[in-house]
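Let's take a friendly walk through one protein model. Keep the picture open while you read.

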Amino acid sequence: MAPLLDVQNLRVEFKTRAGTARVLDNVSFAVESGRILGIVGESGCGKSMSALSILGLVPSPPGQVKGGRIMFDGRDLLSIAPEEMRRLRGGEIAMIFQEPMTSLNPVFTCGDQIAEAVRLHQPVSAAEARKRAVEMLRAVAIPEPEARADTYPHQMSGGMRQRVMIAMALSCRPRLLIADEPTTALDVTVQAQIFALLRDLRDQTGTAIVMITHDMGAIAEMADDVAVMYAGRVIEKGPADAILDQPAHPYTQGLLNSIPRLDLDPSGDLPEIPGVVPPLTELGHGCAFADRCPHAFAPCRTIEPRHVTVSAEHSAACHLLSGMEDAA
Ligand code: SF4
Ligand code: MG
């Protein structure tokens, strides 16, 4: 079966004063219905830009899609009409963001906002939409949903607001849900509840989820499949089990080392990957991770590594895997 969403060789550039930044460089990943794809990496690696590209929301200018395809259910989202994209967005494809306060309208009650989202995409009466809004609040485990429907966003906790966002996103029964750092602003307990909620909804509705995060712990908790991004590229991808058990790319290994392991290190001190993501305007020809990589050797500075198959469906772009080191 073809994946519901299949992003192929996506290239996006931004014109900046410092030069042209290749914010997405031949990015490819796919997600099937009923599965959760985790896209992980530090900030500035292209995770959110990948999401915006799928939604047709790359700010242009200064951004420009330079190539590739984004196949959604057989249609290329890069070539459909703007009004069809608008119809898909919030309908078949929905999105939730990190900070719900910026996406919820402070002057409308939560119930009215969900009802409005329903009516935007479905021809139902106001009363029916209101009923659907209350049902959705119940589905995301908001206590006393009838009463809560009449409250305003500022009257709720951060965790409740994120639930309202999820209710709103799911009210149109999307086939694809994109969740960009959905729990970053929330405490650990609420985060665990939101994860459980998303997994339940996936199980019940078969919605495909793309979850964007900087947190490998969240990946371990949620993802079926993983794409690791670095400096605008997917540098490792595959089934979550394979990547968590046998990360092949030094960057992925570094991200995994920074998950708290209280059993190993009771002090809670985490080794961090030294250095920062390089400016995307200054990427040379080699591996973008070379300046931070503990294993870098000469060819890493001049030759861009290609993806090498590690095991079924699991690949990584690192010269250590291609035998280049032996040849050097
Ligand atoms: Fe490190 Fe070289 Fe592999 Fe890049 S290609 S991750 S620099 S070993
Ligand atoms: Mg981001």
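Here is a short tour, moving from the overall layout down to single residues.

## Before we start

This is a predicted model, so to speak of local features we need pLDDT of at least 70, and side-chain atom pairs count only at pLDDT 80 or more, while totals for chains, interfaces and linings use all residues. Residues are numbered from 1 along each chain as its sequence is written, and chains are lettered from A and ligands numbered from 1 in the order in which they are written.

## Two domains

The protein splits into domain 1 (5-92 + 174-327) and domain 2 (93-173), with bounds that come from an automatic or database domain assignment. Their C-alpha centres are 29 Å apart.

Where they meet, 24 residues of domain 1 are in contact with 20 residues of domain 2. Being in contact, or touching, is when the C-beta atoms of two residues, placed from the backbone, lie within 7 Å. On the domain 1 side, α1 (47-54), β7 (176-180) and α8 (188-205) each bring at least two residues to the part that touches domain 2.

In soluble globular proteins, nonpolar side chains tend to be buried together. In this model the largest nonpolar core has 88 residues, and Ile114, Ala167, Ala169, Val228 and Tyr230 have the most contacts inside it. The largest share of this core, 8 residues, comes from α7. Domain 1 and domain 2 both give residues to this core, so it lies between them.

Two terms need spelling out. A residue is buried if 20 or more other C-beta atoms lie within 10 Å of its own, exposed if 12 or fewer, and partly exposed in between, with C-beta atoms placed from the backbone. A nonpolar core is a set of buried Ala, Val, Leu, Ile, Met, Phe, Trp, Tyr and Cys residues joined through C-beta atoms within 7 Å. What does Tyr230 touch, not counting residues up to four places away in sequence? The list is Gly41, Cys45, Ile235, Tyr251, Ala288 and Phe289.

Buried in α4 are Cys110, Gly111, Gln113, Ile114, Ala115, Ala117 and Val118. Their cover includes α5 (126-139), α6 (145-148) and α7 (158-170).

Look at α4 and α5 as a pair: their axes come within 8 Å and cross at roughly 115°. Axes here are lines fitted to C-alpha atoms, for helices over the stretch in contact, and angles run from 0 to 180 degrees between N-to-C directions. Gly111, Ile114, Ala115, Val118 and Arg119 in α4 meet a set of α5 residues, among them Ala126, Ala129 and Ala133.

Most residues other than glycine have a negative phi, and most peptide bonds are trans. A cis peptide bond joins Ser60 and Pro61, with omega about -10°, and another cis peptide bond joins Pro61 and Pro62, with omega about 10°. Pro62 counts as partly exposed because it has 13 C-beta neighbours inside 10 Å. Leaving aside neighbours within four places in sequence, Pro62 is in contact with Phe14, Lys15 and Thr16.

Now for positive phi. Asn26, in strand β2 (residues 19-31), has phi near 55°. With 17 other C-beta atoms within 10 Å, Asn26 is partly exposed. Glu144, in the loop between α5 and α6, has phi near 45°. Is Glu144 buried or exposed? Glu144 is exposed, with 10 other C-beta atoms within 10 Å.

## A buried glutamate

Last stop: Glu236, in strand β10 (residues 233-239). Why does Glu236 count as buried? Because Glu236 has 29 C-beta neighbours inside 10 Å. Setting aside residues up to four places away in sequence, Glu236 touches Val228, Ile243, Pro247, Ala248, His249, Thr252 and Ala316.

Definitions and conventions:
Helices (H or I, at least four residues) and strands (E, at least two) are DSSP runs, numbered from the N terminus.
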